[in-house]
Amino acid sequence: MRIGVLGAANIARKVVIPSILEAKGVELAAIASESTRASDFLAQTDLRTAGGVPLRDVVRACTYEELLADETVDAVYIPLPNHLHAPWSKRAADAGKHVLCEKPAARTRAEAEDAIEHCVAAGVVWMEAFMYRFHPQWRLVFERLREIGELRLVRSVFTFTVTSPENVRRQPELGGGSLYDVGYYCVNASRWTMGAEPVTVSASMSLGPEGIDEEFAGVLDFGGGRLALFASSFTQPYRHEVELLGTAGRIRVPDAFVNGSEPVTIEIQDASGAWERIDVPGDDEYRLEVEDFAECVRSGRQPQVVSHEDTLANMAAIDALYEAARSGRRVEL
């Protein structure tokens with residue numbers, strides 16, 4: 001599969017492109033930008049292909065339209081600002097390109113559904129880039145989850161500091177905000193581990209000077225006394241943690257979402273209070289994500305690890321959480 005990167009964002013240049021180069025059965029063809037960022041990156045980078053060839057010798061810089069017009073390119077990865085995810089997914093599909101789109105899929109469930117249906121109708125694969133789900137630690141978490149009894153509470157946080165008003169994350173017109181950016185992971189992990197959708201949500205947020213939620217806290221009520229509590233922030237130190245509390249123990253995931261290839265540790269406490277710490281061998285979750293996407297393209301099937309239904313359910317929860325925070329009342333889904 002030949003893939004092009006539609007946008008030279010930091011996440012693409014620093015994280016995803018190196019992982020694409022390591023992915024089996026995947027060839028990076030081009031990097032598109034409407035500025036000189038793509039060409040500057042290729043001129044300055046020391047990255048090489050798996051065969052040792054300098055990236056600048058085999059990957060071209062181009063515009064968005066030139067990338068979509070390239071008939072040798074099978075798929076695109078979209079790391080553009082949030083407000084452009086849905087429209088460029090649709091334009092890529094119209095050009096016959098399969099789409100790996102950064103999260104969030106869109107700014108609302110309706111917008112995401114429209115883009116996904118458009119891509120499916122065009123006969124292309126569309127997948128939301130939720131790389132953390134491919135990390136091997138989560139397979140172990142689910143294997144051990146039954147040992148803590150009935151899961152009653154999920155607590156999660158994802159915070160880091162973003163101060164520059166020039167950062168796209170702090171620009172409301174571009175789909176900025178901590179819930180869209182990092183709280184989105186917490187909502188997804190809560191739903192995934194609960195194995196259910198929330199019945200109601202409540203929330204509170206604090207707006208920054210630009211008008212985006214720089215602090216967000218939410219409660220997802222899954223019914224029957226099962227809750228998820230989460231917080232996201234652009235003003236606090238970097239941390240990303242998940243804790244699962246059950247009737248017979250708990251599981252801590254201290255490095256829940258963004259990991260390199262280094263080993264990580266999960267912690268399990270039984271009902272007696274004894275702790276077990278398990279080292280999990282690291283792996284490149286971005287490479288695993290790209291390889292899964294490529295397999296979907298080759299087999300002609302839509303994604304299963306991060307399904308369209310899951311994407312839309314997560315966006316529905318995000319819609320409800322923003323409504324709850326703005327209105328100050330509990331919102332039913």
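This is a predicted model: local features need pLDDT of at least 70, side-chain atom pairs count only at pLDDT 80 or more; totals for chains, interfaces and linings use all residues.

Axes are lines fitted to C-alpha atoms, for helices over the stretch in contact, and the angles between N-to-C directions run from 0 to 180 degrees. The axes of helix α5 (residues 85–94) and helix α6 (residues 109–121) come within 9 Å and cross at roughly 5°. Angles under 35 degrees count as roughly parallel, and α5 and α6 are therefore roughly parallel to each other. On the side of α5, the contact is made by Ala86, Ser89, Lys90, Ala93 and Asp94. The residues of α6 that take part are Glu111, Asp114, Ala115, His118 and Cys119.

**The sheet of six strands**

Six strands form an open sheet with parallel pairing, in the order β3-β2-β1-β4-β5-β6. Because β3 (60–62) and β6 (126–129) stand at the edges with a single partner strand each, one side of each is left without a neighbour in the sheet. On average, neighbouring strands of this sheet are turned by 25° against each other, direction ignored. Within the sheet, strand β1 (residues 2–6) pairs with strand β2 (residues 27–32) in the parallel sense.

**The sheet of nine strands**

Another open sheet has nine strands, in the order β14-β13-β12-β11-β7-β10-β9-β8-β15, and its pairing is mixed. Its edge strands are β14 and β15 (331–332), each of which pairs on one side only.

| Strand pair | Bridges | Facing residues |
|---|---|---|
| β1 and β2 | five bridges | isoleucine 3 and leucine 28 |

Helix α10 (residues 308–327) lies across β8, β9, β10 and β15, and runs at about 60° to β8.

**Aromatic rings**

A pair of aromatic rings is described by the distance of the centres and the angle of the planes. The structure holds 18 aromatic pairs. In one of them, the rings of phenylalanine 158 and phenylalanine 257 have centres 5.5 Å apart and planes at 15°, so the pair is stacked. This pair links distant parts of the chain, as the two residues are 99 residues apart. Phenylalanine 158 lies in strand β7 (residues 151–159), and phenylalanine 257 in the loop between β12 (249–253) and β13 (264–270). Are these two residues buried or exposed? Both phenylalanine 158 and phenylalanine 257 are buried.

The two rings also belong to one aromatic cluster, which includes Phe130, Tyr132, Trp138, Phe142, Tyr184, Tyr185, Trp192 and Tyr238. Over the face of tryptophan 192 lies arginine 133, at 4.3 Å from the ring centre. Elsewhere, arginine 91 lies over the face of tryptophan 88, at 4.1 Å from the ring centre.

Key. Residues are numbered from 1 along each chain as its sequence is written. Side-chain values use heavy atoms; hydrogens and water are left out. Rings of Phe, Tyr and Trp (its six-membered ring) pair if their centres lie within 6.5 Å; planes under 30 degrees apart count as stacked, over 60 as edge-to-face and the rest as tilted. Helices (H or I, at least four residues) and strands (E, at least two) are DSSP runs, numbered from the N terminus. Buried means under 20% relative accessible area, exposed over 50%, partly exposed in between (1.4 Å probe, protein chains only). A charge sits over a ring if NZ of Lys or CZ of Arg is within 6 Å of the ring centre and within 35 degrees of the ring normal. Two strands pair if DSSP finds at least two bridges between them. Contact means heavy atoms within 4.5 Å. Angles under 35 degrees count as roughly parallel, over 145 as roughly antiparallel, 65 to 115 as roughly perpendicular and the rest as oblique.
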